[in-house]
Every structure is written in structure tokens, then in C-alpha cells.
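Morning, everyone. Please have a look at the structure first.

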Amino acid sequence: MKISGQIDRVDVSRDKTLIAYDYKLSTGSSIDDIKAGRSLQLPIYLEALEKLILPDHAIAGGGYYVIRGANDRRNKGLHRASALRYSGISNRVSSVISDDEWQQVRREVIAKIWGFLDQMRAGTFAVDPSEKQKTCRFCDFAAVCRYDRHRIDEKKRSGNR
């Protein structure tokens, strides 16, 4: 699978521990968005850093750096609780997770990415937004979208996708 992108910022400490940031004009994605596979950019960056770019470095986390606004510039992403000294964020932030959960979330998200690729290879492009009405309420493509909740729910009940 070929993916292109650009990591906006990687801070590396003297002990070779890194934290990656993606700059955003507004807010970044929540940990729930990441877990659900709705936001894959940060997990892909972390995987690339770990496996390809800086494999001899430990990763403290990855987050979003909000350019506009003064408060909570780094409040979202995936941050390891055991490595907060590298990011300086509070352990009360929802994106701070234990090392075990860190590994689990990263494994599950990478598995989702490969699952998405397998579906694309199989020609499966199901119309099934993960957040249903919330996603559709703000969608720029509503005029051309095939999603209709009642029609999709009926297809699921009948076993057709």
C-alpha cells in the first residue's frame, strides 16, 4: 500500500524518545475517532516513524498542535501516560493512555487499515458511515451521497450490503 503524507513536526529528546505532532487550524481528532478508524493520519505517522524513519527511537506519543486559539493546543491524539514528561500535557487529558492501551490501540488501528485495504481490493465500498447522523449532518457531499439510513438498515437486516 502506498501512502503519502508529511509529518508536520517530530520532537526528539536527548535519550532518543520522540513525539510527533500534526498541525491543525482547529481541533484534532479524538482518541475515539482514532480507535474507530475515522482518523488514521496520526497512527500511520507513528507507524512510519517506528518502522521506517526512526526505528531506534522510543515513541512517547503523537498529537495535534492547534495553531489557532490559546487554550488546549495539544489536547488530543495518542499520548503514553508513562512518557508525559516529553509532551508536558496533563495526565487528565482523555488522549493519555496506559502503555498497554497504547499498544492495543495501535495494533487495532493498524489492523483496521489493513482491513480497509482488503475491502478495497475486494471491491467492497459499503455506504455505512461510522457516526451515522452526526457524520451526515456536517458532510460536504450530502447532495451526491448514496447514504440513506433506512435503506442501509434494511440492507443489513436482509444480509445485502
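Helices α2 and α4 pack at an angle of about 105 degrees, and their axes lie 10 Å apart. An axis here is a line fitted to C-alpha atoms, for helices over the stretch in contact, and angles run from 0 to 180 degrees between N-to-C directions. The angle makes α2 roughly perpendicular to α4, a label used for 65 to 115 degrees. On the α2 side, the contact (heavy atoms within 4.5 Å) is made by Pro43, Ile44, Leu46, Glu47 and Glu50, and on the α4 side by Trp102, Arg106, Val109, Ile110 and Ile113. These residues divide into 7 nonpolar, no polar and 3 charged.

A word on the source. This is a predicted model, where local features need pLDDT of at least 70 and side-chain atom pairs count only at pLDDT 80 or more, while totals for chains, interfaces and linings use all residues. Residues are numbered from 1 along each chain as its sequence is written, and side-chain values use heavy atoms, with hydrogens and water left out.

Now α4 itself. Which of its residues are buried? Buried means under 20% relative accessible area, with a 1.4 Å probe and protein chains only. They are Trp102, Val105, Arg106, Val109, Ile110, Ile113 and Leu117. Besides α2 (41-53), they pack against α1 (31-36), β3 (58-66), β4 (77-80) and β5 (96-97). After α4 comes Gly123, with a positive phi near 80 degrees.

Last, the whole protein. It has 6 helices and 5 strands, and buried residues make up 31% of its 161 residues.

Key
Buried < 20%, exposed > 50% of the residue type's maximum accessible area, 1.4 Å probe, protein only. Helix = DSSP H or I, 4+ residues; strand = E, 2+ residues; numbered from the N terminus. Parallel < 35°, antiparallel > 145°, perpendicular 65-115°, else oblique. Nonpolar A, V, L, I, M, F, W, Y, C, P; charged D, E, K, R; others polar.
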